[in-house]
Amino acid sequence: MRRMSFGQATVDAMRSAMREDDRVVVLGEDISWGGNFGQFRGLLDEFGPDRVIDMPISEAIIMAVTVGAAVTGLRPVASMSFVEFTLGAMDEIVNQAAKFRYMFGGQVSVPLVLRASDGVLRSSAGQHSSSLEGLFTHLPGLKVVAPSNPADARGLLRAAIADDDPVVYLENKRITAKRGPVPAGDHVVPLGSAAVRREGSDLTIVTYSVMTLHAEKACSSLAEMGIEAELIDLRSLVPLDLDTVLSSVARTGRVVVAHEAWEFGGFGAEVVSAITGQAFDRLRAAPVRVGAAQAPIPFSPPLERAVVPGSDELVAAAREVMGLT
Amino acid sequence: MSLTENMSPGLALGIHRTMVRIRVFESRVEELFKAGKLPGFVHTYIGQEAIAAGVCAALDRNDYITSTHRGHGHAIAKGMELGPIMAELYGKATGACRGRGGSMHVADFSVGMLGANGIVAGGLGIAAGAALSARYRGTHQVAVGFFGDGGINKGTFHEALNFAATHRLGVVFVCENNQYAQFTSRLRTTSVEDLSVRASAYGIPGITVDGNDAAATYREALEAVGRARDGGGPTLLNMETYRFGGHYVGDAEVYRASAEVEARRQADPILRWERTLTDEALMTAGLGEAVWAEAADEVSAAVRFAEESPHPDGGTALENVFTQVC
């Protein structure tokens, strides 16, 4: 076991992938300098400018070149510093990367990874604080992962690069610097496997990314109130490990689904819909969702706190689903 | 200098044959669409044949092209078989994309045809990516990005040319300036009269070409492709042409006078090339007729293949969303 930050863990995964397979290249803004969050630090020195390619702040060309390289024999990793910047490349993501394999009748795979930092950090305000996974999970042909800790950051990035389909890899800004244990060796976490972070019999909390950390704190608070929550970290949204969710809900009968992204129309709605559709008779209370309020993320700290949920909101939701409010 | 000086008789006749095959194929597509045999809608390449034929004649089989919504001509010129293209237009299981793509998404990666693309200028950055990949892999493959006078006003045109020029990638950007972006004359939407001048903003060669002259399209493409292959970086070719048909088959064409269309049709690139070949004593009337007859037979066979092919089974509709079912 090694200890490293989430960001260092992604560098470690990149390094393993690039050493193993010279088709892996990385393209993005500022990556020669290590990236905005240090998530590419040291790669230029080891792999050189042919494989660590600084791109202009031209998101469409970053993604288009990535697609073009992916369908002609490379396995590129593209980086957008902030997930909002992917919006400048939405045609390339939605109409090209996600559709090529299907639209061309399966004659080509599109083995690329799109890394983007998302979520709220220190009043970054409206255009640098969003969580946009719902845009990507909506699209057939894209896989989407959102790890919550260094071990998964490494393991999922390694799996994403090895995958033959386009994978959107979302790294939350608030946890990029957080340190944690990472298994020794070439640690891989397969796409589509959720992790049970805490066992409990009273209710199930289903979440991912930074909200997993808030949920761990909420679970401790709930335990002090005599409520034992089971905590599931989805890690991978597409493909989705619904079996792990359903088997937990079948035992607890109560579920809270939470994310930092906007609640309205969010990915959590899809999870709740799957639960009610497939485990309705096991539910003892209506599922409760937790997500950001329906407003752009505001700048002023009290306003930001008012819109974005944390562990307090999770505790309140858990109490609600337990019938304690 | 002879008009065909830079090409062998076989090449000159090959370009003619490609143009004729495109014309006959597209004329049949028009008929089939009007007869209600083809789902969706179709954009035909009639009038622009000298560009696809000339440019693709300057490419090797393993070079890449990215195409547009008006892509049948590029597909044919790059070496796709007519049967799978026609079957794709019919939405049949034997289509080039197994009926998943249709007219605007015809592709055959085995001949370097990286897809017709329904997004205007959507292929330019992909061509740049293919060129980057070719350089990295050391294969010396060149990529051509076809687009139109509509595409030249997209932000992706700027991003692609800037990137390709910065890295001196082996790309040729071929603007098929057919005068209309959908329904709107480019004169009403574009800041410059001569589209090739935009190349100067990227420090790359920009050349305006008579896109209805197969000798010129081939000659300029050959030079640009050679430069691209030798590490000399990208070129912007502005090929002036005219779209004989509407934006799509069935377009009422309220935006242009029929007299204008008639006048432009007089500059038919195929008839012009046939006159050149005849003047150069490379073609006789009998040979020309044989090429048209052969193309007609080939297209009829493609239609037969398409019509006799089965539709895809609805049960296969979810195949290939991902590489493996997940």
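The model is predicted. B:Asn177 belongs to strand 3 of chain B, which covers residues 171–177. Leaving aside residues up to four places away in sequence, B:Asn177 touches B:Asp149, B:Arg186, B:Leu195 and B:Gly211, and also B:Asn238, B:Met239, B:Glu240 and B:Thr241. B:Leu59 stands 118 residues from B:Asn177 along the chain. The C-alpha atoms of these two residues are separated by 21 Å.

Chain B as a whole was examined next. Chain B contains 10 helices and 7 strands. Its radius of gyration is 19 Å, close to the 20 Å that the globule rule gives for 326 residues, so chain B is as compact as a globular protein of that length. The C-alpha trace of chain B spans about 55 × 50 × 40 Å along its principal axes. Of the 326 residues in chain B, 55% are buried. Among contacts in chain B with a separation of 6 or more, 75% join residues 24 or more positions apart.

In chain A, the focus is an open sheet. Strands of a sheet pair through backbone hydrogen bonds, either parallel or antiparallel. The chain A sheet has 7 strands in the order 3-2-4-5-7-6-12, and its pairing is mixed. Strand 3 (52–54) and strand 12 (236–238) of chain A stand at the edges. Each has a single partner strand, so one side of each is left without a neighbour in the sheet. From one strand to the next, the twist averages 20°. Strand 4 (residues 75–82) and strand 5 (residues 113–118) of chain A pair in the parallel sense, over 5 bridges. A:Met80 has A:Ala116, in strand 5 of chain A, as its bridge partner.

A helix pair links the two chains. Two packed helices are described by the angle between their axes and the distance between the axes. Helix 3 of chain A (residues 59–70) packs against helix 5 of chain B (residues 124–137) at an angle of about 55°, and their axes are 6 Å apart. The angle makes helix 3 of chain A oblique to helix 5 of chain B. The crossing of these two helices is right-handed. Residues of helix 3 of chain A that meet helix 5 of chain B include A:Ala60, A:Ile61, A:Ala64, A:Val65 and A:Gly68.

Definitions and conventions. Residues numbered from 1 in each chain as written. Chains lettered and ligands numbered in written order. Predicted model: local features only at pLDDT ≥ 70, side-chain atom pairs only at ≥ 80, totals over all residues. Pairing = 2+ DSSP bridges. Helix = DSSP H or I, 4+ residues; strand = E, 2+ residues; numbered from the N terminus. Axes fitted to C-alpha atoms, helices over the stretch in contact; angles between N-to-C directions. Contact = placed C-beta atoms within 7 Å. Rg over C-alpha atoms; globule rule 2.2 N^0.38 Å. Buried ≥ 20, exposed ≤ 12 C-beta atoms within 10 Å, placed from the backbone. Parallel < 35°, antiparallel > 145°, perpendicular 65-115°, else oblique. Left-handed = near helix turned anticlockwise from the far one by under 90°.
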